[in-house]
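Trainee: Could you show me how to read charged side chains and a metal site in a structure? I would like to go one feature at a time.

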Amino acid sequence: MQLSVPQRYTRPAIFLHWAVATLIATNLLIGFTFDYLPKNDLRPMIDAHKSFGITVLGLAIMRLMWRATHTPPPIPPYAEWERRTAHWVHWVLYGFIFLVPLSGWLHDSAWKGAAGHPMKLFWVIPWFRIGPIEHLDAATKEYWHSLLFTVHSTLAYALAAAFVVHVAGALKHQFLDDKPELQRMWPG
Ligand code: HEM
């Protein structure tokens, strides 16, 4: 069924959606290129990565508050399996936008060099590490640093996969099924 008047998200929801999507895509790209960066560029890129990630966490909290206080427009009447998949992918993405930055923050808080490299958001705003992890003894901290890297990296790959499914679904509905899918989440 063609929707003549697309049911749209509200402006704050649209802003939060695109802000989070842009920052996540940027952070995935930065994260996946860490291994290939020249040594001099690595530290500033990691610092930018942390700032973008903490911003995602803040925006994710706002997004969840919006979601808790507003009913989103219903998923259009696509095939049942597509509606179900879309529903689950949305909740998986909600989970990842918290868990990925949180695991990165925990990983960074367990870094042995943290004391010598205080965190500043966008090189300006002083930010804090997570105390209970930061103040562990050196050996335990090293253990958690390595484990949390594995957690952060695995979650980031899983987030990238969910992101691809989400974008592929939206593009399929828009261009193959010829439904006004993007208009639901497009500014203006
Ligand atoms: C949108 C949120 C985030 C995404 C999508 C993301 C993604 C990634 C990815 C893909 C990697 C590379 C993993 C690998 O090499 O296997 C990475 C590494 C890393 N991330 Fe994140 N991250 C996010 C948030 C954060 C936050 C909030 C922090 C810290 C405050 C953080 C700290 C780090 C650190 C320290 C590394 C390792 C850098 C290195 O030493 O190579 N990340 N992240």
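**Reading charges and a metal site**

Mentor: Let's start with a network: salt bridges link K50, D108 and R129. Keep in mind that this is a predicted model.

Trainee: What is the general idea behind such links?

Mentor: Side chains of opposite charge can pair when their charged atoms come close. In this structure there are seven salt bridges.

Trainee: Are D108, K50 and R129 buried or exposed?

Mentor: A residue counts as buried when its relative accessible area is under 20%. D108 has 8%, so it is buried. K50 counts as buried because its relative accessibility is 12%, and R129 does so at 7%.

Trainee: What about a charged residue that has no salt bridge?

Mentor: K141 is buried yet lacks a salt bridge; E134, the nearest side chain of opposite charge, is 6.3 Å away. A salt bridge needs the nitrogen and the carboxyl oxygen within 4 Å. Even so, the K141 side chain reaches the backbone oxygen of E134 at 3.0 Å. Beyond its neighbours within four places in sequence, K141 has contacts that include A110, W111 and I133.

Trainee: Now the metal, please. Which residues coordinate the iron atom of the ligand?

Mentor: H49 and H152 do, each through its NE2 atom, at 2.0 Å. H49 lies in helix α2 (residues 39–69) and H152 in helix α5 (residues 138–176), so the pair ties together parts that are 103 residues apart in sequence. Both H49 and H152 are buried.

Trainee: Why is the arrangement around the iron atom called octahedral?

Mentor: Ideal angles for six octahedral donors are 90 or 180 degrees. Around this iron atom, the six donor atoms subtend angles of 86 to 178 degrees, and therefore the arrangement is octahedral.

Terms used:
Residues are numbered from 1 along each chain as its sequence is written. This is a predicted model: local features need pLDDT of at least 70, side-chain atom pairs count only at pLDDT 80 or more; totals for chains, interfaces and linings use all residues. Side-chain values use heavy atoms; hydrogens and water are left out. Donors are N, O and S atoms within 2.8 Å of the metal (3.2 Å for Na, K and Ca); water is not among the atoms, so sites may look incomplete. Four donors count as tetrahedral if all angles lie between 85 and 135 degrees; four count as square planar and six as octahedral if opposite donors are over 155 degrees apart and all others between 65 and 115; anything else is irregular. Helices (H or I, at least four residues) and strands (E, at least two) are DSSP runs, numbered from the N terminus. Buried means under 20% relative accessible area, exposed over 50%, partly exposed in between (1.4 Å probe, protein chains only). Lys and Arg count as positive and Asp and Glu as negative; His and the chain ends are not counted. A polar contact is a pair of N or O atoms within 3.5 Å; within protein, one must be able to donate a hydrogen and the other to accept it, and residues adjacent in sequence count only if both atoms are side-chain atoms. Contact means heavy atoms within 4.5 Å.
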